[in-house]
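Look at the structure first, then read the points below.

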Amino acid sequence: MTAGAYLSVLRAIEQLYESVVMSPESWNDQSFADWANETLADAAELPREAVRELRRCLRSAQKLQTFWAGEHSAVSDHADWRSRVDIALGPKAWRPTLALARVGLETAPNEELFLEVKERFAVVNSERWMDGIDFEEWVNKG
């Protein structure tokens, strides 16, 4: 699996999260199933661990959609979709994306995945990972 494939899956998850929190009314069981089938087909070569994290993201997206389609829809004046994800689920929504980025970094190390892990680690754990260390230093330490 290439680094680009992992990055593509991460982008698909972000687009899913954005859509379910900004337009929850446009999602239902069938649209989630369609998204899952399409994304899993595109990521057919993902290792088992990565597929598990992708499924966790799908479950988080379903929870996000339920949250924003329900009584919270009137409360939201947040235009930033990431804020809406944080309000509904907090770091729990981002953990599987971090795990997926880590799997990608382990199997297909590249600088962009390294930066993804750094960014997502800070969101999930409220602390820095590899602070002050760049990709080249990380690769050479390993």
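A crossing is left-handed if the near helix is turned anticlockwise from the far one by less than a right angle, and right-handed if clockwise. This is a predicted model: local features need pLDDT of at least 70, side-chain atom pairs count only at pLDDT 80 or more, and totals for chains, interfaces and linings use all residues. Residues are numbered from 1 along each chain as its sequence is written, and side-chain values use heavy atoms, without hydrogens or water.

**Helix pair**

- The crossing of α5 and α6 is left-handed.
- Helices (H or I, at least four residues) are DSSP runs, numbered from the N terminus.
- The axes of α5 (residues 91-107) and α6 (residues 111-125) come within 9 Å and cross at roughly 155 degrees.
- That makes α5 roughly antiparallel to α6 (angles over 145 degrees count as such).
- Axes are lines fitted to C-alpha atoms over the stretch in contact, and angles run from 0 to 180 degrees between N-to-C directions.
- Contact means heavy atoms within 4.5 Å.
- On the α5 side, the contact residues include W94, L98 and L105; on the α6 side, they include F114, V117 and F121.
- By class, this contact has eleven nonpolar, three polar and four charged residues.
- Ala, Val, Leu, Ile, Met, Phe, Trp, Tyr, Cys and Pro count as nonpolar, Asp, Glu, Lys and Arg as charged, and the others, Gly among them, as polar.

**Largest pocket**

- α1 gives the largest share of the lining of the largest pocket, six residues.
- The lining of the largest pocket divides into eight nonpolar, three polar and two charged residues.

Methods. Helix = DSSP H or I, 4+ residues; strand = E, 2+ residues; numbered from the N terminus. Parallel < 35°, antiparallel > 145°, perpendicular 65-115°, else oblique.
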